[in-house]
Amino acid sequence: YATLHKDEIDYLIIYRIDRLSRETRDYGELKVFFSALGIKVISISENFDDNPVGRFIENTLAGVAQLDNEIRAERAKNGMMDAVREGRWAWKAPIGYVNGRVNGKRNIKPNHENNTATLLRESWELVDSGYSIEAARKIVTRKGLVTEKGKPVSRTQFHGLFRHSREAAHIAFN
């Protein structure tokens, strides 16, 4: 859009530098891109002039945005790793489970508000008794197994679901 309408645009107004990019390099490349089009980037909540000190402050703010983003990512990763080490499920609950608290800590637990957990358990029992995963899928789908959006579970989804649900069940029931 900016390339096609460069003669109509004088300014790109952003709230803060980190709203345009949280990577210092990307921010710099975007500034060069817009500058080449004759478009000036203006932060309405951060005041810096177009002089050596102002550019230093602008680059420093772009670096702070990246630092903040990387610290958050590291904390999230470490928190998830700690949860997994403790035997907890650290992701969005798979079909048949809900995210909640178990023994005061975030984990997953079977969703008893509908029959999805029951149908998943039945699918495991079918496979354990000799049915193929696909045969089990067809049986439980006919009985009403659907996605969160109410759509039938596809073959690919079910195979992945079956694989991940076994992992989830191990965590939730052990």
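Is Lys105 buried, exposed or partly exposed? Lys105 is partly exposed, with a relative accessible area of 40%. Keep in mind through all these views that we're looking at a predicted model.

**View 1. Glu86 and Lys105 meet in a salt bridge.**
Here's the partner of Lys105: the side chain of Glu86, with 3.4 Å from N to O. Glu86 lies in the loop between α3 (52-85) and β3, while Lys105 belongs to strand β4, so the pair ties together parts that are 19 residues apart in sequence. Glu86 counts as partly exposed too, with 45% relative accessibility.

**View 2. Strands β3 and β4 form a hairpin.**
Strand β3 covers residues 97-102 and strand β4 covers residues 105-110. They pair in the antiparallel sense, over six bridges. To get your bearings, find Gly100, which stands opposite Asn107 in β4. Then look at the turn: two residues sit between the strands, and Asn103 in that turn has a positive phi of about 55°.

**View 3**
Which residues of α4 are buried? They are Thr116, Ala117, Leu119, Leu120, Glu122, Ser123, Trp124, Leu126 and Val127. A handy thing to know when you look at any such list: an α-helix has 3.6 residues a turn, so residues three or four places apart point the same way. After the helix comes Gly130, with a positive phi near 120°.

Lys143 is partly exposed, at 46% relative accessible area, whereas Glu122 is among the buried residues of α4.

**View 3. Arg55 and Asp50 make another salt bridge.**
How far apart are the closest N and O atoms of Arg55 and Asp50? The answer is 2.7 Å. Arg55 is partly exposed, with a relative accessible area of 37%. Asp50, at 61% relative accessibility, counts as exposed. The count for the model comes to 13 salt bridges.

**View 4. Phe33 and Phe34 form an edge-to-face pair.**
A search of the whole structure finds two aromatic pairs. In the Phe33 and Phe34 pair, the ring centres are 5.2 Å apart and the planes sit at 70°, so the pair is edge-to-face. The cut-off behind that label is an angle of over 60 degrees. Phe34 is buried, with a relative accessible area of 11%, but Phe33 counts as partly exposed, at 37% relative accessibility.

**View 5. Trp89 and Trp91 pair up edge-to-face.**
For these two rings, it's 5.2 Å centre to centre, with 75° between the planes. Why does Trp89 count as buried? Because its relative accessibility is 10%, and buried means under 20%. Trp91, at 45% relative accessibility, counts as partly exposed.

**View 6. Helix α2 spans residues 24-36.**
Gly38 follows α2 and has a positive phi, near 80°.

**View 7. A nonpolar patch lies on the surface.**
The patch is made of Tyr11, Ile13, Tyr15, Ile42 and Ile44. Together they have about 550 Å² of accessible area. One of them, Tyr11, is found in strand β1 (residues 11-14).

**View 8. Ser45 and Leu126 are separated by 60 Å, C-alpha to C-alpha.**
Along the chain, these two residues are 81 residues apart. Ser45 lies in the loop between β2 (40-43) and α3. Ser45 is partly exposed, with a relative accessible area of 38%, whereas Leu126 is one of the buried residues in α4.

Definitions and conventions:
Residues are numbered from 1 along each chain as its sequence is written. Side-chain values use heavy atoms; hydrogens and water are left out. Rings of Phe, Tyr and Trp (its six-membered ring) pair if their centres lie within 6.5 Å; planes under 30 degrees apart count as stacked, over 60 as edge-to-face and the rest as tilted. Buried means under 20% relative accessible area, exposed over 50%, partly exposed in between (1.4 Å probe, protein chains only). Helices (H or I, at least four residues) and strands (E, at least two) are DSSP runs, numbered from the N terminus. Patches are made of residues with over 30% relative accessible area and no salt bridge: like charges are joined within 9 Å, nonpolar side chains (Val, Leu, Ile, Met, Phe, Trp, Tyr) within 5 Å. Accessible areas come from the Shrake-Rupley method with a 1.4 Å probe; for residues, only the protein chains shown count as cover. A salt bridge is a side-chain nitrogen of Lys or Arg within 4 Å of a carboxyl oxygen of Asp or Glu. Two strands pair if DSSP finds at least two bridges between them. The expected span of a helix is 1.5 Å times one less than its number of residues.
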